[in-house]
Amino acid sequence: MLGWFDANLVSILNGFAIGALLFVLAVGLSIVFGMMDVLNLAHGAFFLVGSYLAVSFVAGDSWGGFLTALGVAAVVGLLAGAVLSGMTEPLARRPILDQALLTLGISLVVAEVLSIVYGNDVRSVSPPPGLDGSVDVAGSAYPTYRLMLIGVGLVLALVVWLVVERTSVGALVRASVADREMVSAMGIDNRKVKVAVLGIGSMLATVAGVLAAPVYGARPGLDETILLLALVVVVIGGLGSIRGALIGALVIGQVESLGRALLPDLASFILFGTLALVLIVRPRGLFAGKVAHS
Amino acid sequence: MTAPLLSLSGVSRSFGALTAVDDVTLDVPPGARHALIGPNGAGKSTLFKLVTGSMRVSAGTVALAGDDVTRLPEPQRARRGISQTLQHSSLFLGQTVEQNVLLAAQRQYRSRHSLVPRRQAAARARARELLTDVGLAARAGTPVAALSHGERRQLEVAVALACEPRLLLLDEPAAGMSPAESARLVALLQALPESVTVVIVEHDLDVVFALATSVTVLHLGRVLLTGSPDEVRASAAVQEAYLGTGRGALFLDGTGPAHLEVS
Amino acid sequence: MSVESPPVVSTADGAPDTTATPWRRNRRLTVVLGLVLLAVLAVVPLFVDPFGTNTVSRMLVFALFAMSLDLLVGLTGLPSLGHAAWFGIGAYTAGLVAIHWSAEGLVTVLAAAVAGAVAAAATGWLAVRSGGVFFLMLTLAIGELVHQLAQSLSSVTGGSNGLFGIPSIRIAGTPLTLAGYVYWFVLAVVLLGALALWLVASSPFGGVLRGIRDNEARMRSLGYSPFRYKYAAFAIAGGFAGLAGGLFAGLVRIVNPSDTGFTTSALLLLAVVLGGAGTLWGPALGAALVVLVRDTFGPTLDGHGPLLLGLVFIAAVYVLPRGFAGLAGLRRRRTPRSPA
């Protein structure tokens, strides 16, 4: 057992790194749906925007580019969320499919615009200085940047959890997930909440894109892959559940990483198998926050 | 004595701290015309949901013709012969009058598994027959969305009957009907064969006393009294409960108490 | 109910045709129009060059594909975002059968249909059982996974190079070498498939599907178990999508992973929505149009067809709100027209 653990330590650490990224992504997707009933299929495209921003700004050996990319990505994400909020407003009373189609259209447009601007080649991004090396973890060399990613993911998870569970803003979020009418009855402007939630949700996507760029680079099609993983995480964890997003992300991170390392041909099957297994036991995910509005 | 067609024993349903239906025990013999009356919030509609299975009981058992159906899901209970009309019109708005009835009627015919249109003739004939019975034959091809309120209630009854029920639950079938429409409804229900047992929730006491062979009065989720229509009319307890809650609240349309006293 | 009242059907008495079986009204006009369309379709290869004939063949295949999706989206109210999975599985199956076993046309397309139905049945029950927005997400996930499998199982599917070298369709052992013959084979299968779908839609089974779309709770109280019907619809739709995929493989003779992918699913959904969900023929028309536009303007867009697709999507959501009216069983209630 210990031998197996050692042999696969790199994969396991990779799994945590992927899990940390997925959590940042999925928590945005999950809260946006849980609170606002918006299924944002453009989430993956927003992620890719972040990755390409990293391609644009990160140059040479300096932290400046990386931090600039992060800042710009955050602003772009907030703006994108606000725009999305405005665009979905007229669709609020329509079937969920309408919003899905809208965000699908947006994701196609965004992805194509990116491929027009940046071309179809795979672009890579180097980690910021100091993080571009590797460290010795139990005898194997492991990229420092990925370790940092795990740390950032855990810190973010902690921050989000604290905000949602311990602050008044968080109480509002939880109340909205549980009972939207009640919140609007309390006299809180639903539209402002929506702009804020979609803005923050989208920002998490673009920031995750920047963070992921040194690992995954940026390429056309990455948006779909990432969206799929985030959706699987959200479905496994339960819509609107922070805890679910965290656990789902960690599970899927390991499944992706270990699955690809041990059984590369069957990785997709394993991913779907995990999803199926969870849904057989819990049709609405591990921590279903509420009954999905059907 | 034959087993009661519907037998509720100790049936309760709570929503958090609120107990909407509280320890209701009730036997409805086959062929009965049984009425449930009581003020709004007495738990009548909830009780219906517990019988049909669209809502689970918190405690107690529901038996149909001697078989415990408490654990059966709604579709299976329906296939055993429980059919209902709902208080809030629950039709397929996008479809025509005939298609609405056909959806219920075709379940009785094995031909529903066939893809050949001609094979559906029997179900169609039955649907048209029912539409004639409720007086909607001329509207067969009309979309439900275009029907008047009264017509929709009539259609509800036709749909419920198309299930060929053993137990027919009617939740305020006459609500919003004109006097002529509700007289027609009463005649239709009176003409139902003995094989159909009817339980009706109705505020219009004219309809109730024209139909019912027995009456249960529900109050705050509990059975206040079960008896013949005469017994219920004469009951001091009922009168008192009515007075206690204020007459206006007891019967929505306000005609109820007057009838109680007059008759 | 559904959408865009079909122009053929809705005009005569000014009333909206809201019946679920529009073909019953103005039957004669419908029949005449249908016969004219059939006659035109039948003689296409005699008057159109092989390239054009090929385009029309593809339009027919996608028409059948769109109708199969309409069975889910329009009739049952189950919006699938991964329907191309079954199309792709059918296409790969037909291609592999043709390469390794027999290129006999009927064998390949039937194998494709069975593969599509079996794959849909094997995975669909999860999506159907979960329902609601989970259905959207799960169909999307299933579609993506099939796409990834097509990419990664390169020893079987040819990976990202695609499955090529598919022999031409044979009928009774004779290969169909001319575009016209292939076209007639495609036309015959598509018509049979369309007829079968139409029969399903107008049967009592189809009625139950519409009932579930409009009011699932009421169907339960009428004694139907919605899950069984939705699941059956999902498998049937998968089978017909597989059939269309099988035709596609025989027609184009190369299958790419993208044929199972998200973009294909999205394209199809667009066709269904634009054409008018729930009418079967509307989506068929929509698909023919979408393919025509894609193949005509695709080259001039320099490979950025999805950009146009995305813009049309966004526009359609706002401009054609009625086009969505019958979807997902969540349609807004239309103002009832009182009988004059």
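This is a predicted model: local features need pLDDT of at least 70, side-chain atom pairs count only at pLDDT 80 or more; totals for chains, interfaces and linings use all residues.
How many salt bridges are there between chain A and chain C? The count is zero.

Polar contacts between chain A and chain C come to one residue pair, with both residues at pLDDT 80 or more. On the chain A side, four helices each supply at least two of the residues that touch chain C: α4 (63–88), α5 (96–118), α10 (222–237) and α12 (267–281). The largest share comes from α5(A), with 15 residues. In total, 49 residues of chain A are in contact with 46 residues of chain C. The area buried between the two chains is about 4300 Å², and carbon and sulfur atoms give 79% of that.

Now chain B. Its mean pLDDT is 82, and 89% of its residues reach 70 or more. One stretch to treat separately is 245–263, where the pLDDT is below 50; in the model this stretch still has 31 contacts beyond near neighbours in sequence.

Chain B has an open antiparallel sheet of four strands, ordered β2-β1-β4-β5. The edges are β2 (18–28) and β5 (67–68); each has a single partner strand, so one side of each is left without a neighbour in the sheet. At the β5(B) end, β4 (residues 59–64) pairs with β5(B) over two bridges, in the antiparallel sense. Leu64(B) is opposite Asp67(B) of β5(B) there.

Last, the helix on this sheet. Helix α1 of chain B, residues 44–52, lies across β1 (6–15), β2 and β4, and runs at about 115° to β1(B).

Notes: Residues are numbered from 1 along each chain as its sequence is written. Chains are lettered from A and ligands numbered from 1 in the order in which they are written. Side-chain values use heavy atoms; hydrogens and water are left out. pLDDT is the predictor's confidence in each residue, from 0 to 100. Contact means heavy atoms within 4.5 Å. Two strands pair if DSSP finds at least two bridges between them. Axes are lines fitted to C-alpha atoms, for helices over the stretch in contact, and angles run from 0 to 180 degrees between N-to-C directions. Buried area is the accessible area (1.4 Å probe) that two parts lose on being put together, summed over both. A salt bridge is a side-chain nitrogen of Lys or Arg within 4 Å of a carboxyl oxygen of Asp or Glu. A polar contact is a pair of N or O atoms within 3.5 Å; within protein, one must be able to donate a hydrogen and the other to accept it, and residues adjacent in sequence count only if both atoms are side-chain atoms.
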